[in-house]
Amino acid sequence: MERQEHFENQKHEWESALQVTAPSEQPIQVNPKALERMMAKRQKLLTLEEYVDGILRGDIVILSKAITLVESSLKEHQKMAQDIIAACLPHSGKAIRLGITGVPGAGKSTFIEALGMELSHQGKKLAVLAIDPSSQRSKGSILGDKTRMEELSQQANVYIRPSASAGTLGGVARKTREAIILCEAAGFDTIFVETVGVGQSEIAVYSMVDFFLLILIGGAGDELQGIKRGIMEMADGIVVNKADGDNIQRANRAMAEVKNAVHLFPMAESAQPVNVMTCSALTHHNVPEVWKMVEEHVENIRKSGFLAEKRAKQDVQMMYDSIDQALKNDFYHNTLINDMISLTESDVKEKRVSAYIAAQNLLDTYFNILKK
């Protein structure tokens, strides 16, 4: 009898719980980029003329579809993407291309939103190409820039496009360059490229922009600790962000230290001085002055002819990056190589062959296939 009562009480509690916790709509646990690519595969491709005409008249939907083709690994999409780029190339090259990187916690996204709002109010058309970090394990990406730049993303003359790095900087560099061409053809006169801020991504972004901006913060210990000299030498301008409230003195001290460090570096290829200043993305302090610094630098290197020379070198680098990526794709998509790789991996793990000899054996096999 007691067991029966206990069962009835337990049943009543279960029923009550089921009534209280009514089913609610759950968030979709899908990588947005993977979902976008899946939809792109299902959608019927437009004609080349439809893509190009849409881009040239500034149709954001068609521009986004074209960039999705650029990012796709499908051969059909890649062929169409290259045709689109070739058609848009004569209409590109007129925008100011600004690369932005910074130490973790420097407030890159907040700074980009502040500077982007400044340019939006000036009537400029801004495209923000933000390279998001991807998981090495799942290849998934955060892709949160539109969330972090809520106000900026609502502006009619601003386009924000996050792209997953997927752990391959070479591929990202090529795809981002191609996205720049499409955005410029669509009428955007200012392009921001934000890096993930780790590893060699800064070099990849530096190879595609006119001005490379490094963002630092004061009050984080040794201001120069952990900052690679190579990254500082690449910078055309350096900004110490978060110069507001109680942090103003620390920001000024950091600016002085950075200025002393910059004086020790050799003269930049552009022959332009590296300006260092403080700013606050939060209070908008010196944000307009940062853009003035960028404009003056780009105008000076345009007049000297260095801008044309720099972009020509970037185009050549794009050619080499494309070759590297094409060879890599062809190697790993070869059926015979794929069959050999799994066996070779086992040999390397079991110490039956060294990693160097294993790699050479795979390459020898691949080159022999090409000769046939």
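**Salt bridges, buried and exposed**

Analyst: Let's start with glutamate 184, which is buried at a relative accessible area of 5%. Keep in mind that this is a predicted model.

User: Which residue does glutamate 184 form a salt bridge with?
Analyst: Arginine 97, and the closest N and O atoms are 2.8 Å apart. Glutamate 184 sits in helix 9 (residues 169-185) and arginine 97 in strand 1 (residues 96-102), so the pair links distant parts of the chain, 87 residues apart.

User: And arginine 97, buried or exposed?
Analyst: Buried, with a relative accessible area of 11%. The cut-off for buried is under 20%, so that value qualifies.

User: OK, what about arginine 161, what's its partner?
Analyst: Glutamate 71, with 3.1 Å between the closest N and O atoms. That pair also links distant parts of the chain: arginine 161 is in strand 3 (residues 158-164), glutamate 71 is in helix 4 (residues 60-71), and they are 90 residues apart. Both residues are buried.

User: Switching over: how exposed is arginine 57?
Analyst: Its relative accessible area is 58%, which makes arginine 57 exposed. Its side chain meets that of aspartate 59 in a salt bridge, at 3.7 Å from N to O. Aspartate 59 is partly exposed, at 23%.

User: Which residues are linked in a network?
Analyst: Glu269, Glu309 and Lys313 are, through salt bridges.

User: Last one, how many salt bridges in the whole structure?
Analyst: The search finds 11.

Notes. Residues numbered from 1 in each chain as written. Predicted model: local features only at pLDDT ≥ 70, side-chain atom pairs only at ≥ 80, totals over all residues. Heavy atoms only, no water. Salt bridge = Lys/Arg side-chain N within 4 Å of Asp/Glu carboxyl O. Buried < 20%, exposed > 50% of the residue type's maximum accessible area, 1.4 Å probe, protein only. Helix = DSSP H or I, 4+ residues; strand = E, 2+ residues; numbered from the N terminus.
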